[in-house]
Amino acid sequence: MSRISNITLDDSALPPPTPEIEQERRVAMFDLLEDNSLVLPARDDRPAPGGPYHLDLSIRDKRLVFDLNTEGGEKAAEFHLSLGPFRQVVKDYFQICASYFDAVKKMPPSQIEAIDMARRGIHNEGARILQERLEGKAEIDIDTARRLFTLICVLHFGG
């Protein structure tokens, strides 16, 4: 089974999240565990250990770390990605989310929908960047990439 069955987010070095950020995290984690796809390619003519996988997602030494283990505890893969390609899209995502959270409180539905469409566009861009950065390391579908991008944003919070 090429999927993530458990995820741990190492946010221990971050300040406490806002209620909105915590809600985004909860929804992304729930949705990710309900439906995801992650395929590891063979390496050095050896097949990748089979899933489902446990994913530890963290930021270490200013790098995004995907640490994958099998359910039996065997190391499946570990990727360290530069945060540089994510910085602008994460910043844009937080700005549009702040606008969206404010709009929900005081704007008419038509304006909320416009902001939400922009938010989804930025979210899709972040997911696309993640898929590109994982190319050759792991294959993920767009929905998995979107949910993982949300968790990457949570790890950027306050960092």
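## Close-up views of a predicted model

**View 1. The largest nonpolar core has 46 residues.** Those with the most contacts inside this core are Leu 40, Leu 64, Phe 66, Leu 68, Phe 79 and Leu 130. H2 gives the most, with 9 residues. A nonpolar core here is a set of buried Ala, Val, Leu, Ile, Met, Phe, Trp, Tyr and Cys residues joined through side-chain atoms within 4.5 Å. Buried means under 20% relative accessible area, exposed means over 50%, and partly exposed lies in between (1.4 Å probe, protein chains only). Helices (H or I, at least four residues) and strands (E, at least two) are DSSP runs, numbered from the N terminus.

A word on the model: it is predicted, with local features needing pLDDT of at least 70 and side-chain atom pairs counting only at pLDDT 80 or more, while totals for chains, interfaces and linings use all residues. Residues are numbered from 1 along each chain as its sequence is written, and side-chain values use heavy atoms, with hydrogens and water left out.

View 2. Starting at the N terminus, the order of elements is β-α-β-β-β-β-α-α-β-α. The radius of gyration, taken over C-alpha atoms, is 16 Å, close to the 15 Å that the globule rule gives for 159 residues, so the chain is as compact as a globular protein of that length. That rule is 2.2 Å times the number of residues to the power 0.38. Along its principal axes, the C-alpha trace spans about 55 × 30 × 25 Å. Of the 159 residues, 42% count as buried.

**View 3. Phe 79 is one of the core residues with the most contacts.** Contact means heavy atoms within 4.5 Å. Not counting residues up to four places away in sequence, Phe 79 touches Leu 40, Arg 43, Leu 64, Val 65, Phe 66, Leu 68, Leu 134, Lys 137 and Ala 138.

**View 4. Asp 56 sits in strand E3.** With 31% relative accessibility, Asp 56 is partly exposed. Leaving aside neighbours within four places in sequence, Asp 56 is in contact with Thr 8, Val 65, Phe 66, Asp 67 and Asn 69. Asn 69 is 13 residues from Asp 56 in sequence, and their C-alpha atoms are 8.5 Å apart in space.

**View 5. The loop between E3 and E4 holds Asp 61 and Lys 62.** Although neither is a glycine, Asp 61 has a positive phi of about 50° and Lys 62 has a positive phi of about 60°. Asp 61 is exposed at 75% relative accessibility, and Lys 62 is exposed with a relative accessible area of 66%.

**View 6. A cis peptide bond runs from Gly 51 to Pro 52.** Its omega is near 5°. Look for Pro 52 in the loop between strand E2 (38–39) and E3.

**View 7. Gly 84 belongs to helix H2.** Gly 84 is partly exposed, with a relative accessible area of 36%. Gly 84 and Arg 63 are 21 residues apart in sequence, while their C-alpha atoms are 8.8 Å apart in space.
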